[in-house]
Amino acid sequence: MANIVFSNVTKRYGGTLAVDDASFTVNDNEFFCFFGPPLSGKSTLLRLILGLEAPDTGEILIGGRPVNGVSPAERNVAMVFQNLALFPHMSALENVRFPLVERRVAGAEIEKRVADVAAKLHIGHILHKPPAQLSGGERQRVAIARALVRDPAAYLMDDPISALDARLREETRVELKRIQRELGKTLVYVTHDQEEAMSVADRIAILENGRIRQIGAPAEIYDRPASTYVARMLGSPMMNILKSVRGEGGVEAADGTIRIADKAAPADAMEIGLRPEDIKVRPWSDDGRAGAGRPARVFEVEPLGGYTVVTLAAGQARLRALLRGQPDIRPDAVVAISCEPARVHYFGQSGGALAR
Ligand code: ADP
Ligand code: MG
């Protein structure tokens, strides 16, 4: 069992509250992701798991064992660092072998494990090279292999693929996800990239200023964000959030941008949230009658191949709509916009989500 439990863990650096009363459980075999903006406490959480930092208050358990006073070496968790520094005087192969040699693992076992991890990361053909002759992406894979070869109870990765170019990043994250599933290991992963978080994680913890704002499966958080903060963190383009007022037969944006015929809208709703893919855009001429939609002017159109992002100027707001394919919509056209009541998110005074 290699689950990781935090109970009310707080960590300060001087006056900075880096981790604020964190309580969560990373399950055994789970791909668990910390996601948040820079300085939100992601790396500090990993350092607390690893034992490089001690909590000021609260308790940490790994595999059921309290580890507050336990040194990093005795925790059996392996970190893949943000700066994947390989030993420059050793070949890639010697780098990957190193953690096993250091632990005096038998030679035959070393070769078996190295061959195994090299195959999984597709680095067999570059193992003879020194780090200086490897590309950035290759160095990163070798460093990941070096962490994987140790067979620890849990892996920690701090934004491990952020230095790769976009294409390699997409490939590597798919591999990481597959490797994690195949190995059946607990993996705690930090990223500041929402698409990466959603694509790899079994569950995501969303951070703001050292506080965990929501924990859940990606789809669960996406569909039921607990607050406007979380709602804005997942989804691209991000959720449109508009001040709202109650109108006749429903709720509407305060400036009249859009009307939602939802008699069940919560009475204390202060804001409505509309995912870009939930905004319906139709030609005004087809649907210009009362009730069919509100008028909006097309501000800009971004055709992205499989889908198109349309930015709409409506009332005082800019709304972003995500449409399938390449619809025939031109800048400055007037369109009718609407949204199914069931797709609308409601938020209250302090930005907290409201049940409908
Ligand atoms: P992230 O990894 O999300 O960018 P960090 O965990 O590195 O965030 O930092 C969280 C907060 O703690 C930040 O305000 C940061 O400035 C502060 N912090 C982190 N490490 C130290 C340190 N060694 N000394 C002082 N402040 C630190
Ligand atoms: Mg960090």
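## Helix H4 and its surroundings

Contact, as the word is used here, means that heavy atoms lie within 4.5 Å. In this predicted model, the buried residues of H4 pack against S6, H2, helix H3 (107-121), S7 and helix H5 (166-183). H4 is mostly covered, since 10 of its 13 residues are buried, and among them are Gly137, Gln140, Arg141, Val142 and Leu148. At 1.5 Å a residue, the 13 residues of H4 should span 18 Å, and this agrees with its end C-alpha atoms, which are 18 Å apart.

Beyond this helix comes a loop, between helix H4 (136-148) and strand S7 (154-158), and alanine 153 lies in that loop. Leaving aside neighbours within four places in sequence, alanine 153 is in contact with Ala2, Asn76, Lys185 and Thr186. Alanine 153 and phenylalanine 299, by comparison, are 146 residues apart in sequence and 52 Å apart in space, taken from C-alpha to C-alpha.

## Aromatic pairs

A search of the whole structure finds 6 aromatic pairs. One of them is formed by phenylalanine 31 and tyrosine 189, a tilted pair with 5.4 Å from centre to centre and 55° between the planes. Phenylalanine 31 lies in strand S3 (residues 31-35) and tyrosine 189 in strand S8 (residues 186-191), so this pair ties together parts that are 158 residues apart in sequence. Both phenylalanine 31 and tyrosine 189 are buried.

The rings of phenylalanine 87 and phenylalanine 98 have their centres 4.9 Å apart and their planes at 65°, and the pair counts as edge-to-face because that class takes planes over 60 degrees apart. Phenylalanine 87 lies in the loop between strand S6 (77-80) and helix H2 (92-102), whereas phenylalanine 98 lies in helix H2, so the pair ties together parts that are 11 residues apart in sequence. Phenylalanine 87 counts as partly exposed at 29% relative accessibility, and phenylalanine 98 is partly exposed as well, with a relative accessible area of 26%. Elsewhere, ring pairs link Phe6, Phe24, Phe32 and Phe34 into a cluster.

## Charges over rings

Tyrosine rings also take part in arrangements with charged side chains. The charged end of arginine 275 sits over the ring of tyrosine 222, 3.8 Å from its centre, and the charged end of lysine 11 sits over the ring of tyrosine 13, 5.4 Å from its centre.

## Glutamate 53

Tyrosine 13 also meets glutamate 53, as a polar contact of 3.1 Å joins the side chains of these two residues. A polar contact of 3.1 Å likewise joins the side chains of glutamate 53 and arginine 47. Glutamate 53 lies in the loop between helix H1 (42-50) and strand S4 (57-62), and at 15% relative accessibility glutamate 53 counts as buried, because buried means under 20%. Not counting residues up to four places away in sequence, glutamate 53 touches Lys11, Tyr13, Arg47 and Leu48.

## Around ligand 1

Leucine 39 places a backbone N or O atom 2.7 Å from an oxygen atom of ligand 1, and a backbone N or O atom of serine 40 lies 3.1 Å from an oxygen atom of ligand 1. Lysine 42 approaches through its side chain instead, with a polar side-chain atom 2.8 Å from an oxygen atom of ligand 1.

How values were computed:
Residues numbered from 1 in each chain as written. Chains lettered and ligands numbered in written order. Predicted model: local features only at pLDDT ≥ 70, side-chain atom pairs only at ≥ 80, totals over all residues. Heavy atoms only, no water. Helix = DSSP H or I, 4+ residues; strand = E, 2+ residues; numbered from the N terminus. Phe/Tyr/Trp six-rings, centres within 6.5 Å; stacked < 30°, edge-to-face > 60°. Buried < 20%, exposed > 50% of the residue type's maximum accessible area, 1.4 Å probe, protein only. Lys NZ or Arg CZ within 6 Å of the ring centre and 35° of its normal. Expected span 1.5 Å × (residues − 1). Polar contact = N/O pair within 3.5 Å; in protein donor to acceptor, adjacent residues only side chain to side chain.
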